[in-house]
Amino acid sequence: MSRYSSPEQSIGFKYANTFRRISNLFASRLKPFGITPEQWTVLYQIHLEEGINQKQISLRTDKDQPTITRILDVLDKKELIQRKVDPSDRRAFLIFESPIVKKLMEDTIPVEVGLNKEIIDGITDEQLECLHQVLMQIQHNIDTLEGTRKL
């Protein structure tokens with residue numbers, strides 16, 4: 001009998017719940033700041049590189065471009081970002097953070113880091129490295145199946 005003979009034993013089934021729970025915890029801790037984990041992830045990328053374009057945000061967050069556009073629309077309505085036409089491609093926009101985001105990141109990066117510390121409590125560095133290697137292999141296998149093979 002295979003070690004994964006039913007849906008309940010599949011990697012996706014087992015670990016999707018863990019991911020959702022982490023995301024829900026992060027969402028609850030971001031709630032006082034008025035943003036979601038998805039919005040935070042996009043804002044964090046903009047914070048790291050002012051003037052980033054939507055395509056780069058999409059690649060760095062592993063979200064499709066229509067999803068990024070929707071998130072950016074919400075962030076724009078909240079006046080957290082500014083879009084400027086890319087001088088090298090008039091169809092594209094460069095994304096900049098508003099002054100509010102600098103303070104928001106100062107306040108929320110420690111929230112994310114703190115939550116991560118709590119989640120990995122009791123796990124050794126060696127175990128974390130093993131987990132990282134396993135996840136990288138799974139990602140490689142997915143990339144191969146999708147034909148995207150990311151470097």
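**Close-up 1. R83 stands opposite I95 in strand 3.** This is a predicted model, and this view looks at the pairing around those two residues. Strand 2 (residues 81-86) runs antiparallel to strand 3 (residues 89-97), with 6 bridges holding the pairing. Together, strand 2 and strand 3 make a hairpin, with 2 residues between them. Look also for K84, which lies over the face of F96 at 4.7 Å from the ring centre.

**Close-up 2. L72 reaches residues from elsewhere in the chain.** Skip its neighbours within four places in sequence, and L72 is still in contact with V42, I46, Q54, I81, R83 and I95.

**Close-up 3. The largest nonpolar core has 21 residues.** Which residues touch the most other members? They are V42, L43, I46, L72 and L75. At least two core residues come from each of helix 1 (11-30), helix 2 (37-48), helix 4 (65-77) and helix 5 (99-119). Helix 5 gives the most, with 5 residues.

**Close-up 4. Helix 2 has buried residues from P37 to I46.** The buried set is P37, Q39, W40, V42, L43, Q45 and I46.

**Close-up 5. F26, W40 and Y44 are linked into a cluster by ring pairs.** The structure holds 2 aromatic pairs. In one of them, the F26 and W40 rings sit with centres 5.3 Å apart and planes at 85°, so the pair is edge-to-face. That pair ties together distant parts of the chain, with F26 in helix 1 and W40 in helix 2, 14 residues apart. W40 and Y44, on the other hand, are stacked, at 5.0 Å centre to centre with 10° between the planes. These two are 4 residues apart in helix 2, so about one helical turn separates them. Buried or partly exposed: where does Y44 fall? At 27% relative accessibility, Y44 counts as partly exposed, while W40, at 7%, counts as buried. F26 is buried as well.

**Close-up 6. Helix 6 (residues 125-146) leads into G147.** The 22 residues of helix 6 should span 32 Å at 1.5 Å a residue, and the 31 Å between its end C-alpha atoms agrees. G147, which follows the helix, has a positive phi, near 75°.

Terms used. Residues numbered from 1 in each chain as written. Predicted model: local features only at pLDDT ≥ 70, side-chain atom pairs only at ≥ 80, totals over all residues. Heavy atoms only, no water. Core = buried A, V, L, I, M, F, W, Y, C linked by side-chain atoms within 4.5 Å. Buried < 20%, exposed > 50% of the residue type's maximum accessible area, 1.4 Å probe, protein only. Contact = heavy atoms within 4.5 Å. Pairing = 2+ DSSP bridges. Expected span 1.5 Å × (residues − 1). Phe/Tyr/Trp six-rings, centres within 6.5 Å; stacked < 30°, edge-to-face > 60°. Lys NZ or Arg CZ within 6 Å of the ring centre and 35° of its normal.
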